[in-house]
Amino acid sequence: MKINERLKKIGDLVEANSFCLDVGCDHALLDIYLVKKNKNIRAVASDIAEGPLEQAKKNIKRERLEKEIEVRLGNGLETYTDEIDTIIISGMGGRNIIGICKNKPKVLKKVKALIISPNNYQEDVKRYLCSNGFYIENEEFVKDKRFIYQIIIFKKGKKKYTKKEYFFGPIFLVKKGPLFREYYEREMKTREILISLLPKNYYYKKYITKKEIQMIKNEIED
Ligand SMILES: C[S@@+](CC[C@H](N)C(=O)[O-])C[C@H]1O[C@@H](n2cnc3c(N)ncnc32)[C@H](O)[C@@H]1O
């Protein structure tokens, strides 16, 4: 089955011998890719909605992977069971991801690794998870069609990050590279447009946004 660049990159970041829970699996293409990689990865594909899960079941059956991939219906981390060591949540808004994590703090205590790819509010996700028992082990960008996505790997542990590290991502800041530049050039343009659209009296928002633009300029221009 054909998988897009974004899901493939997420799949390639999963460690061998992992037992994964894919929250919001939709069509389960990621889970199919994972178990077919021959890295002894097992997967539970879960979703809150029956429609996507029906499609997931069909895809899994077509690939004859019913024994390898279990399908579970449920909200967020409700579908977690103790054998799972890695949770993947991708393709959702950052606020939704934080909500899913907040609902099940006990699961966060048990699980070893989180692979998270939020569509937005990435900084909030990093701040939330790093205040709740995790540190950022790795960060990767992936470009799929014309979009650039962040993928963040959280592991159990404690690390302190500066405001700048939360904003850009502590690993991204060290690695940088062409996608870093492209991603933050776009972020800068979005903020410039925002400033031009904000009503005159939004002084504070304008002030913060200008500061962020300056911060981005400093990082991508050296
Ligand atoms: C845009 S799709 C992303 C699918 C896939 N994870 C990806 O990265 O392409 C979002 C999926 O998350 C599911 N979803 C949204 N909120 C959820 C929640 N609280 N618990 C489980 N699944 C959820 C939706 O039903 C949908 O199938």
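This is a predicted model: local features need pLDDT of at least 70, side-chain atom pairs count only at pLDDT 80 or more; totals for chains, interfaces and linings use all residues.
Local features were taken at pLDDT of at least 70 and side-chain atom pairs at pLDDT 80 or more, while totals for chains, interfaces and linings use all residues. Residues are numbered from 1 along each chain as its sequence is written.

The model contains an open sheet of 7 strands, arranged in the order β3-β2-β1-β4-β5-β7-β6 with mixed pairing. Strands, like helices, are DSSP runs numbered from the N terminus (strands: E, at least two residues; helices: H or I, at least four), and two strands pair if DSSP finds at least two bridges between them. β3 (69–73) and β6 (134–144) are the edge strands, each pairing on one side only. From one strand to the next, the twist averages 20°. Axes here are lines fitted to C-alpha atoms, for helices over the stretch in contact, and angles run from 0 to 180 degrees between N-to-C directions.

Strands β1 (residues 19–23) and β2 (residues 42–47) are paired in the parallel sense over 5 bridges. Phe-19 has Arg-42 of β2 as its bridge partner, and Cys-20 stands opposite Ala-43 in β2. Helix α2 (residues 29–36) packs on the sheet and touches β1, β2 and β3, with its direction at about 175° to that of β2. Helix α9 (residues 178–197) also packs on the sheet, where it touches β6 and β7 (147–156); the angle between the directions of α9 and β6 is about 80°. Contact between two residues requires that their C-beta atoms, placed from the backbone, lie within 7 Å.

Strand β2 is largely enclosed by the rest of the structure, because 5 of its 6 residues are buried. A residue is buried if 20 or more other C-beta atoms lie within 10 Å of its own, exposed if 12 or fewer do, and partly exposed in between. Ile-69, found in strand β3, is buried, with 23 other C-beta atoms within 10 Å. Apart from neighbours within four places in sequence, Ile-69 is in contact with Ala-28, Asp-31, Val-35, Ala-43, Ala-45 and Ile-60.

The chain is divided into domain 1 (5–161) and domain 2 (180–220), with bounds from an automatic or database domain assignment. The centres of the two domains, taken over C-alpha atoms, are separated by 30 Å.

Most residues other than glycine have a negative phi. Asn-40, in the loop between α2 and β2, has a positive phi of about 55° although it is not a glycine. Asn-40 counts as exposed, because it has 10 C-beta neighbours inside 10 Å. Lys-176 lies in the loop between α8 (170–175) and α9, and its phi is also positive, near 50°. Lys-176 is partly exposed, with 14 other C-beta atoms within 10 Å. Between Ile-69 and Lys-176, the separation is 107 residues in sequence and 36 Å in space, C-alpha to C-alpha.
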